[in-house]
Amino acid sequence: QVQLVESGGGLVQAGGSLRLSCAASGRSTVSSYYMGWFRQGPGKERELVTAIRFSSGSTYYADSVKGRFTISRDNAKKTAYLQMNSLKPEDTAVYYCAAGLLAFGDLSIPRNYAYWGQGTQVTVSS
């Protein structure tokens, strides 16, 4: 099993930047996993923001964050990073790191991810 610890949330002004980290532990490797972030804003359902396949580096981005957010990974550190630039108030949410094999699953469906971080609050003020 995998434990995910995420960090990097905070309060920023619109137009600012934050970097989230999600570190995996409990297994020798996460190379076979997809890792990414979902977010859940006030009164909204949880939605996929971005995901990366550790083995290939293949990425997915929600349309709402394309061009502003970048996901990357460090294989040696078993850590994924989410660089968030040009932040908007509508980006305000709790961001949850997630990981899973997703052997036959859709990346956008939360139930297809077996492991979750504790969540970190991102607040963007205007």
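Okay, let's start with the aromatics: Phe38, Tyr113 and Trp116 are linked into a cluster by ring pairs. By a ring pair I mean Phe, Tyr or Trp rings (for Trp, the six-membered one) with centres within 6.5 Å, where planes under 30 degrees apart are stacked, over 60 edge-to-face, and the rest tilted.

Before I go on, some housekeeping. This is a predicted model, so local features need pLDDT of at least 70 and side-chain atom pairs count only at pLDDT 80 or more, while totals for chains, interfaces and linings use all residues. Residues are numbered from 1 along each chain as its sequence is written, and side-chain values use heavy atoms, with hydrogens and water left out.

Back to the rings. Searching the whole structure gives 4 aromatic pairs. One of them is Tyr33 with Tyr115, a tilted pair at 6.0 Å centre to centre and 55° between the planes. Those two come from distant parts of the chain, 82 residues apart: Tyr33 is in the loop between β3 and β4, and Tyr115 is in strand β10. Strands here are DSSP runs (E, at least two residues), numbered from the N terminus. Are these tyrosines buried or exposed? Tyr33 is buried at 3% relative accessibility, and Tyr115 is buried too, at 18%. Buried means under 20% relative accessible area, exposed is over 50%, and partly exposed is in between, with a 1.4 Å probe and protein chains only.

Now, which residue puts its charge over Trp116? That's Arg46, whose charged end sits 5.1 Å from the centre of the Trp116 ring. Arg46 also lies over the face of Tyr96, 4.0 Å from that ring centre. The cut-off for this is NZ of Lys or CZ of Arg within 6 Å of the ring centre and within 35 degrees of the ring normal.

Next, the disulfide; there's 1 in the structure. Cys22 is joined to Cys97, S to S 1.8 Å, where the criterion is sulfur atoms within 2.5 Å. The S-S torsion is about -80°, so this disulfide is left-handed. Cys22 sits in strand β3 and Cys97 in strand β9, so the pair ties together parts 75 residues apart in sequence. Cys22 is buried at 0% relative accessibility, and Cys97 is buried with 0% as well.

Last stop, a hairpin. Strands β7 (residues 69-74) and β8 (residues 79-84) run antiparallel, joined by 6 bridges; pairing takes at least two DSSP bridges. Across the two strands, Thr70 stands opposite Gln83. There are 4 residues between β7 and β8, and in that turn Lys78 has a positive phi of about 50°.
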